[in-house]
Amino acid sequence: MDFNLTKEQELLRDGLGKFLSSRYTLESSRAAAKTGIGWQPEIWRAFAEELGILGATLPEDAGGTGGGPVETMVIAEALGHALVVEPFVDTVVVAGGLLHRAGARNLLEQVVAGAAVVALAATEATSGENWRDVATTARRDGDQWVLNGAKVMVLNAPLATHLLITARTSGDRADADGISLFVIQTDQVASGFAAHGYRTVDDRRAADLDFTDLRLPADALLGAEGQAWASLERARDEGAAAVCAEAVGGMRKVLADTVEYCKQRQQFGQPIGRFQALQHRMVDMHMEVEQAAAAVYLAVLNLESAPAIRAKAVSAAKATIGRAARFVGQNAVQLHGGMGMTEELAIGHYFKRLTAVQYEFGTTDSHVSRYAELTRP
């Protein structure tokens, strides 16, 4: 596939890459993730004020520069290459798209400025990864909404200033119609809301949320009542495509580090990279990375197509990425030996992230199933 970036996109890629290589170290990000608050707010501010990447893909009327899926891919791949834990995909790609389509301009402007971090709470314990199966309810009570229910594994919720919550306002459970989207500002909730935060295996922050008669003002509803599913489905595909691009960046870094290690590690009086069996292994890793990158290009080029075409391309990419991330990550660890899983070496941290990516925005198996369903005669 011939896929060439424009000069502006190349400048975006190169500028972000230079910033991350000089100011974003693995040691500082792991320290923030493991013993600190979970991220580096000064880096987030730099993303907004110095680089402008928080608004690079958001509309101009909200302060952004109006970029599209290709710009998202370029940014996400660079962030994946540096193993960035700051919530770009969740806040800018997923929440940003939902806010834009709902007309929430004020909050979108805060996202662009780096003043707001937004997380989507859509996953429930009884429905797993099926965002359409919503048991959380919202009912009108005068000029307020009353929410009851629970959400699980809400990525970046402990960091968020705002939460987007899916709740059913009408219809039967698992119906596409009747799902609404609500926004809350976490520091203004007095009662009816509880969060249990924790650190994930890939050093990100997440939380389980409980809503018990949580009262929200009428304007907490985003968009039309009961009509949020189409926007949520698109946001899920956009998020999946973004983490696929992030995984490609991570795999490129893992492959480069593995090749370099095999040039240096001595065994039987020579570098292990000279052994033909290991050369074949690294070639297989290279082929997986290139196939994954081509699948991401296909998904990115179809993100603005009709829903069925978009879904098929995204599922193909997510399934391909799931296989490639598993293969590249596991072989990188094996070729590094016991060092591959130590905290001191970057490979172990990348391996954990590549493992987690396989489950975000739908598992590999679920996307294989969706692709099969969409291509069935």
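## The largest cavity

The largest cavity has a volume of about 140 Å³, and of the 16 residues that line this cavity, Val89, Asp90, Arg204, Glu246 and Arg353 are the closest to its centre. These values come from a predicted model, in which three cavities of 30 Å³ or more are found.

Sorted by class, the lining of the largest cavity comprises nine nonpolar residues, six charged residues and one polar residue. At least two lining residues are supplied by each of helix 4 (69–81), helix 5 (88–102) and helix 7 (229–264), and helix 5 gives the most, with three residues.

## The second largest cavity

For the second largest cavity the volume is about 40 Å³, and its lining is made up of Gly80, Leu83, Glu246, Ala247, Gly250, Tyr350, Arg353 and Leu354. Helix 7 and helix 10 (346–357) are the elements that give two or more residues to the lining of this second largest cavity.

By class, the lining of the second largest cavity holds four nonpolar, two polar and two charged residues.

## Nonpolar cores

The largest nonpolar core contains 100 residues, of which Leu20, Phe47, Met73, Leu164 and Met251 touch the most other members. Helix 7 contributes the largest share of this core, with 16 residues, and helix 7 also supplies at least two residues of the lining of the largest cavity.

Phe47, one of the core members that touch the most others, is in contact with Phe19, Leu20, Gly52, Ile53, Leu54, Leu79, Val84 and Glu86, once its neighbours within four places in sequence are left aside.

The structure holds zero disulfides. A disulfide is a covalent bond between the sulfur atoms of two cysteines.

Cys244 counts as buried because its relative accessibility is 1%, where buried means under 20% relative accessible area. Cys262 likewise has a relative accessibility of 1%, and therefore counts as buried.

How values were computed:
Residues are numbered from 1 along each chain as its sequence is written. This is a predicted model: local features need pLDDT of at least 70, side-chain atom pairs count only at pLDDT 80 or more; totals for chains, interfaces and linings use all residues. Side-chain values use heavy atoms; hydrogens and water are left out. A disulfide is a pair of cysteine sulfur atoms within 2.5 Å. Buried means under 20% relative accessible area, exposed over 50%, partly exposed in between (1.4 Å probe, protein chains only). On a 1 Å grid over the protein atoms alone, a cavity is a set of points where a 1.4 Å probe fits but cannot get out, and a pocket is an open set with protein on both sides within 12 Å along at least five of seven lines; lining residues have an atom within 4 Å of a point. Grid points are joined across faces, edges and corners, and a volume is the space filled by probe spheres set on the points. Helices (H or I, at least four residues) and strands (E, at least two) are DSSP runs, numbered from the N terminus. Ala, Val, Leu, Ile, Met, Phe, Trp, Tyr, Cys and Pro count as nonpolar, Asp, Glu, Lys and Arg as charged, and the others, Gly among them, as polar. A nonpolar core is a set of buried Ala, Val, Leu, Ile, Met, Phe, Trp, Tyr and Cys residues joined through side-chain atoms within 4.5 Å. Contact means heavy atoms within 4.5 Å.
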